[in-house]
Amino acid sequence: MRSIRYGMKQKMTWLIKQFKGLITVTMIALVLTLGVIVLTIVNIPRLIPLQSIKKSIGKLSNEIGSLIVATLKLSIQVIHRPKWEFELPENLGTSNWYLGMSNHLSWGDIFILLFAGHRKVPLLKFFMKDELKWIPILYLVHKTVDMPFLKRHSMKSVKKNPELRKLDMIAAQKAAKRFARNPSVAFSFAEGTRYTPEKHATQSSPYFYLLKPKIGALNIALSGMPKVSHLLDFTIIYKTNKTSAWNFACGDMNDVKVIAKAYELPKEILARLPSDTEYKNFFQSYVNKIWEEKSRLIESTKKEQSNS
């Protein structure tokens with residue numbers, strides 16, 4: 001009898017989670033759709049070719065974007081009552097420009113990072129893959145809140161025609177100039193892909209729970225942001241290993257800790273070294289050192305979580 005009751009209780013818990021997942025997905029879709037419709041209407045004056053108008057509309061769009069983030073954050077708090085722990089430096093501000101980077105574990109990372117930075121730093125702006133521009137809602141996000149698409153030819157194509165690499169860089173730098181219009185956090189998932197144990201093993205990554213970092217997107221963002229002076233590194237640590245999009249929607253990822261640290265960019269990166277190769281090596285070494293610190297932080301936090 002006890003086992004039957006226990007089985008029924010588990011079944012009911014599972015059904016409630018699935019229901020909450022459906023409610024969460026519906027809520028996110030509804031809020032984003034309504035938000036993008038408002039942003040599209042507000043951005044109609046951008047058709048006028050005046051930089052002052054584009055800048056003013058961009059500022060208003062960022063405020064609307066922040067309101068959308070606040071609505072999503074409140075809705076998820078009501079539905080799931082999550083255990084979020086966000087630690088950010090106190091001296092950050094919404095009127096400054098920053099580079100931002102993070103480890104990447106899940107589709108839900110984007111929401112967690114937006115919630116963690118809300119009203120503490122400017123709206124996070126993510127580079128998006130060029131293939132996604134055919135999705136209407138993402139294309140409108142690109143146009144209204146200056147989240148640029150990044151087009152890259154395959155390594156096979158570049159080997160056949162090295163000139164494509166230069167064209168990719170020119171297009172990326174042009175896209176990055178969108179970040180300069182209003183205070184922003186130009187954000188990159190430095191690993192370039194979501195972490196999995198299989199990818200970690202394939203890379204032979206020396207970092208605990210991390211893939212090897214890349215500087216490509218950070219380098220591109222920096223080229224379009226003359227006012228940036230600090231790099232923000234966000235470390236996301238989930239208590240669970242269930243990190244799919246559906247796990248996020250169902251509340252399995254409610255227990256999460258985000259720790260952000262601010263690093264002043266050295267003059268060698270801001271001014272750029274004479275040799276491009278030398279500059280890239282310096283930048284990569286700089287990020288690698290941060291990644292080593294991040295790896296130790298994740299390891300120690302995971303131990304604390306397992307003991308709690």
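Colleague: Are Phe111 and Phe248 buried or exposed?

Modeller: Both Phe111 and Phe248 are buried; that means under 20% relative accessible area, while exposed means over 50% and partly exposed lies in between, with a 1.4 Å probe and protein chains only. Please note that this is a predicted model, in which local features need pLDDT of at least 70 and side-chain atom pairs count only at pLDDT 80 or more, whereas totals for chains, interfaces and linings use all residues. Residues are numbered from 1 along each chain as its sequence is written, and side-chain values use heavy atoms, with hydrogens and water left out.

Colleague: How many aromatic pairs are there?

Modeller: The count comes to 13 aromatic pairs. Rings of Phe, Tyr and Trp (for Trp, the six-membered ring) pair if their centres lie within 6.5 Å; planes under 30 degrees apart are stacked, over 60 edge-to-face, and the rest tilted.

Colleague: Why is the pair of Phe111 and Phe115 tilted?

Modeller: Their planes meet at 40°, with the ring centres 6.3 Å apart, so the pair is tilted. Both residues belong to helix α3 (residues 109-117) and are four residues apart, about one turn of the helix. Helices (H or I, at least four residues) and strands (E, at least two) are DSSP runs numbered from the N terminus. Phe111 is buried because its relative accessible area is 8%, and Phe115 is buried at 1%.

Colleague: And how do Phe111 and Phe248 pair?

Modeller: Phe111 and Phe248 are stacked, at 5.7 Å centre to centre with 15° between the planes. Phe248 lies in helix α9 (residues 245-250) and Phe111 in helix α3, so the pair ties together parts that are 137 residues apart in sequence.

Colleague: Which residues form the aromatic cluster?

Modeller: One aromatic cluster is formed by Trp84, Phe86, Trp107, Phe111, Phe115 and Phe248.

Colleague: Changing topic: how many helices and strands does the chain have?

Modeller: There are 11 helices and eight strands. The radius of gyration is 21 Å, close to the 19 Å that the globule rule gives for 308 residues, so the chain is as compact as a globular protein of that length. The radius is taken over C-alpha atoms, and the rule is 2.2 Å times the number of residues to the power 0.38. Along the principal axes, the C-alpha atoms fill a box of roughly 75 × 50 × 45 Å. Of the 308 residues, 47% count as buried.

Colleague: Now salt bridges. How many does the search find?

Modeller: The whole structure has eight salt bridges, each being a side-chain nitrogen of Lys or Arg within 4 Å of a carboxyl oxygen of Asp or Glu. One of them joins Glu63 and Arg119, whose closest N and O atoms are 3.5 Å apart. That pair links distant parts of the chain, with Glu63 in helix α2 and Arg119 in the loop between α3 and β3 (124-126), 56 residues apart.

Colleague: What about Lys261 and Glu293?

Modeller: Their side chains meet in a salt bridge at 2.8 Å, N to O. Lys261 is in strand β8 (residues 255-264) and Glu293 in helix α11 (residues 276-307), so the bridge ties together parts 32 residues apart in sequence. Lys261 is partly exposed at 30% relative accessibility, and Glu293 is partly exposed at 28%.

Colleague: Where do the charged ends of Lys302 and Lys294 sit?

Modeller: The charged end of Lys302 sits over the ring of Tyr209, 4.9 Å from its centre. That of Lys294 sits over the ring of Trp291, 4.8 Å from the centre. The criterion is NZ of Lys or CZ of Arg within 6 Å of the ring centre and within 35 degrees of the ring normal.

Colleague: Where is Tyr209 found?

Modeller: Tyr209 is in the loop between α7 (197-203) and α8 (216-223). Tyr209 has a positive phi of about 60° although it is not a glycine, and at 28% relative accessibility it counts as partly exposed.

Colleague: What is the phi of Arg81?

Modeller: Arg81 has a positive phi of about 50°, although it is not a glycine. Arg81 is in the loop between α2 (51-80) and β1 (83-87) and is exposed, with a relative accessible area of 71%.
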